[in-house]
Every structure is written in C-alpha cells, then in structure tokens.
Amino acid sequence: MFPLSSQKKHWLFNDENDLALLREKANAKFIAKHGANMSDEKKEKHFPSVGEERILQRFYESQLKEFCKRFNPPMPKSTIATSLHYFKRFYLHNSVMDYHPKEILVTCVYLACKVEEFNVSISQFVANLMGDREKASDIILNNELLLMQQLNYNLTVHNPFRPVEGLLIDIKTRFPAIQNPERLRPHIDDFLEKVFLTDSVLLYAPSQIALAATLHGASSIGANLDNYVTEILFSPEHLIGIVESVKKIRLMAKSGESPSREVLKTLEKKLDKCRNQDNNPDSEIYKQRMLEMLDEEDFLDDEKYARLMRNQAEHDDKILGAKVLSPSA
C-alpha cells in the first residue's frame with residue numbers, strides 16, 4: 001500500500017524547493033571536488049549550472065521514454081514509468097557530471113524490467129541498442145549495483161495506473177452521467193506520458209496524479225466530472241487540498257518544453273569536457289580500474305579455491321585416514 005511504502009516515506013517531497021536544494025547540493029559537491037583550483041569565473045565556464053543540468057536530465061528523460069517505446073518486445077507502461085522514477089531519483093543526489101545520463105538511462109530501464117517482472121535477458125535487452133552491445137552490457141551490469149545503492153534499495157514503485165482503473169470503474173458504477181468512460185482512456189494515457197516527464201511523481205501521490213489525468217481526460221471529450229469529485233468522491237473538508245494538487249499537476253504537465261538542438265549540443269560538449277573520467281567507460285582511468293578489479297577478483301577466486309581444497313583435504317584425512325595433497329602443498 002502506498003501510505004506505508006518506501007516511496008511515500010523517502011521519495012515524496014514537500015515541494016519543488018526541496019528538489020531544487022538536493023540538485024544544487026549534488027552540483028555544488030561535484031564542482032567543489034573537481035574545480036577546487038579554479039577561479040569562480042572559470043568554474044562557471046567549465047561546469048554546467050544546476051539549470052543546465054536540469055535541461056540535460058529532462059532531455060535524457062525524453063530519450064529514455066522513446067527508447068522504451070521502441071523496445072522489442074513491447075514494454076509495459078508500468079516498466080517505462082518505473083524506469084523514469086529511478087532516473088529522477090538517481091539525479092536528485094548525483095550530478096550528470098559524475099555519471100553520464102546515457103549510461104544511467106539504460107541501467108534504469110534494465111533494472112525496472114527486473115523489478116516489474118518484464119523478463120528479458122541482458123542479450124535481449126542490448127539487442128535494442130545501437131553500437132557496441134558487449135560494451136553496453138558491461139556498462140549496464142557495472143552500474144546496476146551503483147543504481148540500487150543510490151536508490152537505497154527502494155525498488156518498488158507505485159504508479160498511477162491502478163488508481164486510474166479504480167476511478168474508471170467507480171465512474172461507471174456511481175456516476176452514470178458520463179456515458180462510456182472508456183472514451184477518457186487515450187486522453188488519460190497521453191496526460192500520464194507528459195506527467196512522467198515532470199517532477200510531479202516526486203511531489204504527488206499516485207492517486208492524485210490519477211485523478212488529475214482522469215479530469216484531464218473528461219475535459220478533453222467535453223465532459224464534466226465536477227459533481228463526481230465534489231459530491232461522490234470526496235467530503236468537503238478534503239476538497240481544497242485535492243483541488244489545489246490537481247491544478248498544480250495539470251499545470252506541470254503543460255509546462256514541459258524541449259530545448260533547442262543548439263542548446264543541447266553546447267551542453268553536451270560542456271559535459272564531455274568536465275565529466276568524471278573515473279566513471280567514463282571510454283577513459284583509460286576507467287579501463288585500468290576495471291582491469292584491476294578483474295585481477296583482484298581472479299586472485300580472490302584462486303584463494304577461495306585453494307582454501308576449499310585444503311578444507312576438503314583435511315576432511316578426507318579425517319574420514320579416510322589418508323593424506324590427500326592440496327594443490328598448494
């Protein structure tokens with residue numbers, strides 16, 4: 001249930017100021033670490049501002065959505081929505097300069113496929129990507145644990161799709177003034193697609209988003225649900241807060257604007273120059289770190305094997321009364 005969920009407890013914020021503060025902190029932390037020896041003027045030119053980071057984040061959110069819509073086999077909308085939740089949560093505490101969105105994007109989708117039980121193997125998944133698929137597999141699998149850690153392992157996401165179904169059933173049952181409520185569905189789906197590209201999912205409960213989508217659907221076909229909301233759905237004392245929330249959600253859904261290609265191109269160049277090379281799969285630093293990790297894993301595996309063989313030899317000696325040589329003997 002949503003009221004008892006980790007989503008409500010840890011990932012639902014009071015207002016947009018809360019989100020802005022977290023993003024400012026992530027931006028400032030990276031710049032303080034990687035621009036310690038720069039003047040303020042040079043920092044401003046070299047690193048993206050919080051606002052510029054948001055432009056990049058929103059662009060890659062739209063890229064995530066488009067990737068999911070093209071996915072083969074067709075991806076359920078709940079998986080797409082969960083992917084977007086993960087992406088938004090990750091960049092509340094991390095800068096795009098530390099972890100490039102194009103790499104976190106695919107990791108969010110892959111993890112969401114697992115959590116939402118949309119069963120695809122890593123080879124099936126990367127078949128939907130262009131370019132070096134083996135490299136893409138490595139990036140996704142290397143980032144998966146990082147992503148879960150940054151999400152505090154709060155992986156269950158409550159989306160507004162079930163509340164929407166509940167509202168449509170309730171309208172059919174208790175509000176016959178709306179004939180064939182199924183007519184609302186395409187408009188509801190269109191509205192939810194827009195909402196998932198805003199911060200609404202970090203600020204409002206799934207039921208509030210579902211109500212805003214349903215009211216939008218009704219107004220799109222020239223129907224009116226005011227009496228349903230005020231006389232059937234809510235008591236008068238709850239109305240003011242609900243109405244205000246719905247208005248804000250609908251306003252946020254209208255406010256999404258795509259940046260120009262020129263702006264994005266400039267910001268991408270800026271990001272490429274200042275991104276953390278420790279987390280860049282194309283950098284020599286990253287490749288060396290991966291090799292060291294593999295060497296360490298091989299060493300640990302050899303040690304573990306040798307230890308197992310020694311234990312087995314001791315066990316055989318006790319049981320059989322015979323001395324069995326271990327590989328390290």
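Modeller: One term is needed at the outset: two residues are in contact, or touch, when heavy atoms of theirs lie within 4.5 Å. Please also keep in mind that this is a predicted model.

Biologist: With that term in hand, which residues does Lys 65 touch, not counting residues up to four places away in sequence?

Modeller: Lys 65 is found in helix H4, and at 15% relative accessibility it falls under the 20% limit, so Lys 65 counts as buried. Lys 65 is also linked with Glu 66, Lys 69 and Glu 193 in a network of salt bridges. Leaving out residues up to four places away in sequence, the residues that Lys 65 touches are Glu 193 and Leu 197.

Biologist: How many helices are there in the protein as a whole?

Modeller: The protein has 329 residues, and buried residues make up 43% of them. Among contacts with a separation of 6 or more, 74% are between residues 24 or more positions apart. As for the elements of the fold, the protein has zero strands, while the number of helices is 15.

Biologist: Where in the protein is the confidence lowest among the helices, and where is it highest?

Modeller: The mean pLDDT of the protein is 90, and 88% of its residues reach 70 or more. Over residues 322-329, however, the pLDDT is below 50, and this stretch has 10 contacts in the model beyond near neighbours in sequence. For the helices, the lowest mean is 64, in helix H15 (residues 284-320), and the highest is 98, in helix H5 (residues 77-93).

Biologist: How many residues apart in sequence are the parts that Arg 23 and Asp 199 tie together?

Modeller: Side chains of opposite charge can pair when their charged atoms come close. Arg 23 and Asp 199 form a salt bridge in which the closest N and O atoms are 2.9 Å apart, and both residues are buried. Arg 23 belongs to helix H2 (residues 16-34), whereas Asp 199 sits in the loop between helix H10 (185-195) and helix H11 (206-220), so the separation in sequence of the parts they tie together is 176 residues.

Biologist: Is Lys 45, which forms a salt bridge with Glu 41, buried or exposed?

Modeller: In this pair the closest N and O atoms are 3.8 Å apart, and both residues lie in helix H3 (residues 40-46), four residues apart, which is about one turn of the helix. Glu 41 has a relative accessible area of 55% and is exposed. The relative accessible area of Lys 45 is 62%, a value over 50%, so Lys 45 is exposed.

Biologist: Which helix holds Lys 88, the partner of Glu 61?

Modeller: The side chains of Glu 61 and Lys 88 meet in a salt bridge of 2.9 Å, N to O. Both residues are buried. The pair ties together parts that are 27 residues apart in sequence, because Glu 61 lies in helix H4 (residues 50-70) and Lys 88 in helix H5.

Biologist: What covers the buried residues of H13?

Modeller: Helix H13 (residues 236-254) has 19 residues and reaches 28 Å from its first C-alpha to its last, close to the 27 Å expected. Its buried residues include Leu 239, Ile 242 and Val 246. The cover over the buried residues of H13 includes H2, H10, H11 and helix H12 (226-233).

Biologist: Which value is phi of Glu 117 near?

Modeller: Most residues other than glycine have a negative phi, and most peptide bonds are trans. Glu 117 is found in the loop between H6 and helix H7 (122-126), and at 65% relative accessibility Glu 117 counts as exposed. Its phi is positive, in a residue other than glycine, and is near 60°.

Notes: Residues are numbered from 1 along each chain as its sequence is written. This is a predicted model: local features need pLDDT of at least 70, side-chain atom pairs count only at pLDDT 80 or more; totals for chains, interfaces and linings use all residues. Side-chain values use heavy atoms; hydrogens and water are left out. Helices (H or I, at least four residues) and strands (E, at least two) are DSSP runs, numbered from the N terminus. Buried means under 20% relative accessible area, exposed over 50%, partly exposed in between (1.4 Å probe, protein chains only). pLDDT is the predictor's confidence in each residue, from 0 to 100. A salt bridge is a side-chain nitrogen of Lys or Arg within 4 Å of a carboxyl oxygen of Asp or Glu. The expected span of a helix is 1.5 Å times one less than its number of residues.
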